[in-house]
Amino acid sequence: QVHLVESGGGLVQPGGSLRLSCLASGTAWRIYDMGWYCQVPGKQRDLVARITRDGSTNYGDSVKGRFTISRDNSKNTVYLQMNSLKPEDTAVYSCWAKSLVSGSYVDSWGQGTQVTVSS
């Protein structure tokens, strides 16, 4: 199984920046796609950004041009650089990974980190 731990959330003023990190750990696995999703109470979880193992990316429409996803396969870590933050970016951000475990593809989720954009 893959265990994901996020870090880097917090409170930031509008227009500010944050960098989220997600470290993957576990045994007998190979990680393929990784990404970030966000969720606010009462709403569905939405895609923020995803990245393949070879670095191909896709973003949710609301964050294009402001957020950048990257990964370091040697460190089993995915990052989300969040710039020009807006109050509507406030949400719990969760890390996601698709991995191959014992011959089957498995989706894993982190516990989430709170991002609050407010003055």
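Which residue forms a salt bridge with Arg50? In this predicted model, where local features need pLDDT of at least 70, side-chain atom pairs count only at pLDDT 80 or more, while totals for chains, interfaces and linings use all residues. Residues are numbered from 1 along each chain as its sequence is written, and side-chain values use heavy atoms, with hydrogens and water left out.

The partner turns out to be Asp33, with the closest N and O atoms 3.6 Å apart. A salt bridge here is a side-chain nitrogen of Lys or Arg within 4 Å of a carboxyl oxygen of Asp or Glu. This pair links distant parts of the chain, 17 residues apart: Arg50 sits in strand 5 (residues 46-51) and Asp33 in strand 4 (residues 29-39). Strands (E, at least two residues) are DSSP runs, numbered from the N terminus. Arg50 counts as partly exposed, at 24% relative accessibility; buried means under 20% relative accessible area, exposed over 50%, and partly exposed in between (1.4 Å probe, protein chains only).

Altogether, the structure holds 3 salt bridges. Asp89 and Arg66 meet through their side chains in one of them, at 2.8 Å from N to O. Asp89 lies in the loop between strand 8 (77-82) and strand 9 (91-101), and Arg66 in the loop between strand 6 (57-59) and strand 7 (67-72), so this bridge ties together parts that are 23 residues apart in sequence. Asp89 is buried at 5% relative accessibility, and Arg66 is buried too, at 11%.

Then there is Lys64, which pairs with Asp61, the closest N and O atoms being 3.1 Å apart. Lys64 counts as exposed at 51% relative accessibility, and Asp61 is exposed with a relative accessible area of 65%.

Notes:
Helix = DSSP H or I, 4+ residues; strand = E, 2+ residues; numbered from the N terminus.
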